[in-house]
Amino acid sequence: MNIGYIAMSGLRLVDAELLQLGLSFPAVARRAREIEALPSLGLLTLAAMSPPHIGAEYLEVRDISEVPDRFDAIALSTLSATAKEAYAMAARFREKGIPVILGGLHATLAPDEAARHVDAVVIGEGEPVWPEVLRDLERGDLQPRYDARTRGPFDLRQAPMPRFDLLSPDRYPRFTVQTQRGCPYACEFCAASMRLSPVFRTKPAEKVLAEVRRLKDLFGRPFVEFADDNTFADKRHGRALMAGLAKEGLRWFTETDVSVADDPDLLKAMRDSGCHQVLIGFESPRFASLDGVEKKSNWKARRTDRYLRAVETIQSHGITVNGCFILGLDGDGTDSFEHVFRFVEESGLYDVQVTCLTPFPGTPLWSRLSEEGRLLSAEATERCTLFDINFRPTDMSVDELRNGFRELTRRLYAPEFVEQRNRRFREHLRAKVRSR
Ligand code: B12
């Protein structure tokens, strides 16, 4: 038996004008190329659980016609933005009598929809059920649904070594490694790993380091993007990881929250272990826009007054910050674009990423906007790109959000403004070194 593990690669954006505008800026075009070059860690992880007598092949597919039909079954992974493409691809395989098993965030968030298009849907994390799926497949007894959430959160101490060896050696300059799952916070809009299983867990540092070493063995000097929601949510785990990573000579990037700025020792350890950049979801520079967004303790809103200081502290340790902002939050009017621009200017953020509020199906935000009659289309999953708009904002029109977003993109990524921020970062560091 031979299984094809299929990922749909490439950036997605429905708004063609915005795509063209974005790609015209060197900083955005560079990031888009990096995105094209990240493999699906989920599929490589599942392939690692397959017994040796079952063949495993990993494919990145953009165009359905590229897919060979030499497989006995297909394991397909999809996000909301690519769900319709995944269904179209599944239909092609099923026409040829090849069963399709679909998993991933969208299959988890919208399992009834997914079930209409494939032979089996896997809900939640793949690891707890994948061996069973393969067994049923071999017996010719594939079930329509496997719900990993009924088995509790997967214990990351048992995490298999992803099959990085399935990747072609020249295609990938960057790789992902996961150090934790879930998140201690509960943001209304979040459509990341906490939707697979909400319990926050860390992967033992030794296991993470083993994955890093495996990548080094296979690919020489890899650049690693940790595929985490919040790498330093557990500071003790973060410190243990940094101590180990310091010996690996790696360059890496991750996503975390502003609280790393409260811990100068951790920042120093991060820099010494090769941290190149941290991506932080500030979401908005204003308390009013964030008030109530995080449902457990209003954590995000309570931190807004420390944002400027946090950027300064982190960047002064030689780690660049990529600040993320969401436009279109409830209560945000047309002045919100200027608020974000001014924050970026004042803080000197090295990199910035702006996105539009996105109701991903199956999230609390989606349910609320649906109840309030504010979704533009309940079917337009292809608009779940973080840049296309699929809802009515409270304090501006859809067109005002679209146009304001474009104009803000133009201002933030203007090469002179990017260079000004990057120069400020370098000069600041030089001055710090001189003053020592
Ligand atoms: C790395 C990453 C990428 C990489 C790699 C994506 C990939 N193919 O895996 C790149 C840069 C390519 C990427 C691109 C995009 N991304 Co992205 N990405 C991430 C990130 C940071 C980590 C994802 C990850 O690797 N998780 C770890 C792995 C192990 O988990 P996993 O893939 O979910 O797999 C597990 C289960 O889902 C399940 N599973 C998955 N697939 C399958 C298949 C089968 C058969 C089975 C049984 C199980 C199964 O088992 C796995 C193990 O438990 C997350 C944010 C985050 N912090 O989580 C965003 C995230 C997943 N991305 C997101 C988005 C929107 C995008 C883009 C649409 C952006 C754009 N406009 O282009 C594109 C889409 C690209 C594409 N063509 O599919 C959203 C998706 C939300 C959603 N519900 O749809 C997230 C959550 C970020 C966010 N801010 O909301 N992304």
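1. By class, the shell around the ligand holds 27 nonpolar, 16 polar and six charged residues. Here Ala, Val, Leu, Ile, Met, Phe, Trp, Tyr, Cys and Pro count as nonpolar, Asp, Glu, Lys and Arg as charged, and the others, Gly among them, as polar.

2. The model is predicted: local features need pLDDT of at least 70 and side-chain atom pairs count only at pLDDT 80 or more, while totals for chains, interfaces and linings use all residues. Residue numbers start from 1 along each chain as its sequence is written.

3. The ligand is surrounded by 49 residues, the closest being Gly 42, Ser 77, Gly 103, Gly 126 and Ala 227. A residue counts as near if its C-beta atom, placed from the backbone, lies within 6 Å of the molecule. Two or more residues each come from strand 1 (2-8), helix 3, strand 3 (73-77), strand 4 (100-103) and helix 5. Helix 3 gives the largest share, five residues. Helices (H or I, at least four residues) and strands (E, at least two) are DSSP runs, numbered from the N terminus.

4. The protein chain is assigned domain 1 (2-12 + 39-151) and domain 2 (153-162 + 170-252), with bounds from an automatic or database domain assignment. Both domains give residues to the shell around the ligand, so the ligand lies between them. Over C-alpha atoms, the centres of domain 1 and domain 2 are 23 Å apart.

5. In the contact between the domains, 14 residues of domain 1 meet 13 residues of domain 2; two residues are in contact if their C-beta atoms, placed from the backbone, lie within 7 Å. On the domain 1 side, helix 3 (41-47) and helix 5 (105-109) are the elements that give two or more residues. That side has eight nonpolar, three polar and three charged residues.

6. Helix 14 (residues 336-347) and helix 16 (residues 398-413) have axes 10 Å apart at an angle of about 15°. Helix 14 is therefore roughly parallel to helix 16, a term for angles under 35 degrees. Axes are lines fitted to C-alpha atoms, for helices over the stretch in contact, and angles run from 0 to 180 degrees between N-to-C directions. Phe 337, Val 340, Phe 341 and Val 344 of helix 14 meet Gly 404, Glu 407, Leu 408, Arg 411 and Leu 412 of helix 16. This contact comprises six nonpolar, one polar and two charged residues.

7. The axes of helix 9 (residues 235-245) and helix 10 (residues 264-272) come within 9 Å, crossing at roughly 35°. Lys 235, Gly 238, Arg 239, Met 242 and Ala 243 in helix 9 meet Leu 266, Ala 269 and Met 270 in helix 10.

Key
Parallel < 35°, antiparallel > 145°, perpendicular 65-115°, else oblique.
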